[in-house]
Amino acid sequence: MEYQLDLDWNDFLQRYWQKRPVIIKRAFKDFIDPLSPDELAGLAMETEVDSRLVSHDEGRWQVSHGPFESFDHLGENNWSLLVQAVDHWHEPSAALMRPFRQLPDWRIDDLMISFSVPGGGVGPHLDQYDVFIIQGSGRRHWRVGDKKILKQLCPHPDLLQVEPFNAIIDEEMEPGDMLYIPPGFPHEGYSLENALNYSVGFRAPNGRELVSGFADYVLAQELGGMRYSDPDVTLRPDPAEILPGEIDGLRNMMLDLVQQPEQFNHWFGEFISQSRHELDLAPPEPPYQAGEIYDLLRQGDKLQRLGGLRVVKIGAECYANGERLVTEHQQAVATLASANVIDAVQLGEALDDASFLALLTSLINNGYWYFKN
Ligand code: SIN
Ligand code: CO
């Protein structure tokens, strides 16, 4: 199934992206849920899947974390089940992410799906990231406020909310409608009936994550071995003093590391192609031999990319799940980066090269791509 999103992307980027929230009515025509509430509940019973239940009763909030054994204790009102990274575990749901590939892959994060009964929601809160919330079956009332400083509340140790806010969007969403919320705009959704919501979330690293990620790379690659030196050190009246020129020299030593374009690109490709959520890795057992992979592709079998696997390109270099894919076959590796399903024709003559086939074999044996039935 391919979802069709009816959106003028140029207009959207210019007017709303990272600027202000908007509801797009009937963004998906005749929307069909990729999964049922029962299937979502099933996922929340699995240990690897990250899920939580949020409920409230007369202003008292409860949060519990999956995996859940049963949902029998829940009433008919005021709770919501939220499951993270469903695109990693359920291929039909991953299809909902694809219309958003108008935006760069490296900015996209995961698909969170919630099921809420009437009154269900997580309360008023802020998110750090952009999100598109698609209304599946059922109706839900959404309120979004302007971006301004709001008092944080913590009605439960695992639940961060904000004080009540005035709404600039106050609307009921119906199946196929979509709400876009930039980072920092307070919002809350309350279900009016049993409802499924799909949140396509984005990611944006902060400076702290970049510095710490880059420091890990410097250590792993044993970069930056050059020591500070001062053949022209000057005498100073007070030996306790560190002179401005010395501070500049030290800062430049650090900047020099960041400013090596090749190292920076390698690091960033590895860093940003790592998923923030667990992958459903199932390496084939026994592993494939390169020849078997060649034969399967040549006879027309297709490879499917694992849901949630991140593959990015910087210039001619390609990175998948934190690893650089070293090969001369740029065209073939670009296909790995852009296509969801791959066949022999797309890989072209690279398939006849033993070193490319060895690379592909290791990717398949890692469970990053698998043969589609
Ligand atoms: C949801 O309840 O489906 C979305 C929660 C959120 O606003 O982040
Ligand atoms: Co939110």
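Author: Helices (H or I, at least four residues) and strands (E, at least two) are DSSP runs, numbered from the N terminus. Ile 247, for instance, is found in helix H5 (residues 244-258). This is a predicted model, in which local features need pLDDT of at least 70, side-chain atom pairs count only at pLDDT 80 or more, and totals for chains, interfaces and linings use all residues. Residues are numbered from 1 along each chain as written, chains are lettered from A and ligands numbered from 1 in written order, and side-chain values use heavy atoms, without hydrogens or water.

Reader: Which residues coordinate the cobalt ion (ligand 2)?

Author: Donors are N, O and S atoms within 2.8 Å of the metal (3.2 Å for Na, K and Ca); water is not among the atoms, so sites may look incomplete. Here His 125 (NE2), Asp 127 (OD) and His 187 (NE2) coordinate the cobalt ion at 1.9 to 2.1 Å. Asp 127 lies in the loop between strand S5 (108-116) and strand S6 (131-135), and His 187 in strand S12 (residues 187-191), so the pair ties together parts 60 residues apart in sequence.

Reader: Is His 187 buried or exposed?

Author: Buried means under 20% relative accessible area, exposed over 50%, and partly exposed in between (1.4 Å probe, protein chains only). His 187 is buried, at 2% relative accessibility, whereas Asp 127, with 29%, is partly exposed. Ile 247 is also partly exposed, at 37%.

Reader: How far is an oxygen atom of ligand 1 from an N or O atom in the side chain of His 125?

Author: A polar contact is a pair of N or O atoms within 3.5 Å; within protein, one must be able to donate a hydrogen and the other to accept it, and residues adjacent in sequence count only if both atoms are side-chain atoms. For His 125 the distance is 3.1 Å, and for Asp 127 it is 3.4 Å.
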